[in-house]
Amino acid sequence: MFPCSVCGLCCQNISHVEELKDFDLGNGVCRYLDLNTKKCLIYDERPDICRIDKMYNSLYYKFFSKEEFYIENAKVCNKLQEQYKVDETFRVKIKIEE
């Protein structure tokens, strides 16, 4: 399972995700993000595009190993966190199997 640190930044930057256009408040923030807790209000019913493991299993397994897919997603998470100056303790860390 992808080690999400629940910073909420992916949910605050959805304006470029076509599948989430109806969820956008108009400022790039998902209408289902609780800004206080940084948690999804519809977590169990959230769209597939918001489910890293499901997206890997249904589509991205054709192009990446799961480890590679997690690493690419972690890079995006960590870049957003750096951009928004989120404390480094929230950085997503992927353990690489050797």
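Are E18 and K21 buried or exposed? Select the pair and look: E18 is exposed, and K21 is exposed too (exposed means over 50% relative accessible area, buried under 20%, partly exposed in between, with a 1.4 Å probe and protein chains only). Their side chains meet in a salt bridge, 3.3 Å from N to O (a side-chain nitrogen of Lys or Arg within 4 Å of a carboxyl oxygen of Asp or Glu).

Before moving on, some ground rules. This is a predicted model, where local features need pLDDT of at least 70 and side-chain atom pairs count only at pLDDT 80 or more, while totals for chains, interfaces and linings use all residues. Residues are numbered from 1 along each chain as its sequence is written, and side-chain values use heavy atoms, leaving out hydrogens and water.

Now zoom out and colour by secondary structure. The C-alpha atoms fill a box of roughly 40 × 30 × 25 Å along the principal axes. Of the 98 residues in the chain, 31% are buried.

Next, select Q12, in the segment before strand 1 (33-34). Q12 counts as buried because its relative accessibility is 19%. Show its surroundings: leaving aside residues up to four places away in sequence, Q12 touches C7, G28, V29, L33, L35 and K38 (contact means heavy atoms within 4.5 Å).

Back to charges. The structure holds four salt bridges, and two further ones deserve a click. Pick D48 and K54, whose side chains meet at 3.4 Å, N to O. D48 is partly exposed at 37% relative accessible area, and K54 is partly exposed at 43%. Then pick K66 and D53, which meet at 3.9 Å, N to O. K66 lies in helix 2 and D53 in helix 1, so this pair ties together parts that are 13 residues apart in sequence. K66 is partly exposed, at 33% relative accessibility.

Last stop: L59, in the loop between helix 1 (52-58) and helix 2 (66-83). L59 is partly exposed, with a relative accessible area of 32%.

Methods. Helix = DSSP H or I, 4+ residues; strand = E, 2+ residues; numbered from the N terminus.
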